[in-house]
Amino acid sequence: MRNVHEIPDEYAWMLEGSCRGADTRAFFPGNGLGVEAAQRICRGCPVQNECLEYALQHRIEQGVWGGASERERRRILRQRRRAGTVPS
């Protein structure tokens, strides 16, 4: 296990998340049920944007990241592709 002080700067934002210490199962609800509970935790999170961008950049397909469900992230990526702001 790595020491918190050894986390690369590019991931330091993760230490500030409202979800830190929360039950991770809340962010990976089965069959899309329970997304709202995770989104409530994300609402007002100081690093919500960083979290969402991380999930989009790394094409994370499962769970709620940055307050966005799997379906919402796919929609965002489609919109960005159409706008030419991300590669296909």
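Helices α1 (35-42) and α2 each contribute at least two residues to the lining of the largest pocket, helices being DSSP runs of H or I with at least four residues, and strands runs of E with at least two, numbered from the N terminus. The model is predicted: local features require pLDDT of at least 70 and side-chain atom pairs pLDDT 80 or more, whereas totals for chains, interfaces and linings use all residues. Residues are numbered from 1 along each chain as its sequence is written, and side-chain values use heavy atoms, with hydrogens and water left out.

A pocket is here an open set of points on a 1 Å grid over the protein atoms alone, where a 1.4 Å probe fits, with protein on both sides within 12 Å along at least five of seven lines; lining residues have an atom within 4 Å of a point. Of the 21 lining residues, M14, C19, R20, C51 and W65 lie nearest the centre of the pocket. The lining comprises 13 nonpolar, seven polar and one charged residues (Ala, Val, Leu, Ile, Met, Phe, Trp, Tyr, Cys and Pro count as nonpolar, Asp, Glu, Lys and Arg as charged, and the others, Gly among them, as polar).

The protein chain contains three helices and zero strands, in the order α-α-α along the sequence. Its C-alpha atoms occupy a box of roughly 40 × 30 × 25 Å along the principal axes. Of the 88 residues, 30% are buried (under 20% relative accessible area, with exposed over 50% and partly exposed in between; 1.4 Å probe, protein chains only).

Within helix α1 lies A38, which is buried at 0% relative accessibility. A38 touches A26, F27 and V64, residues up to four places away in sequence not being counted; contact denotes heavy atoms within 4.5 Å. Between A38 and G66 the C-alpha to C-alpha distance is 9.6 Å, across a sequence separation of 28 residues.

Three aromatic pairs are present, defined by centres of Phe, Tyr and Trp rings (the six-membered ring for Trp) within 6.5 Å; planes under 30 degrees apart are stacked, over 60 edge-to-face and the rest tilted. Y11, W13, Y54 and W65 are joined by ring pairs into a cluster.

In the loop between α2 (48-57) and α3 (70-83) is R59. This residue adopts a positive phi of about 50° although it is not a glycine, and R59 is partly exposed at 35% relative accessible area.
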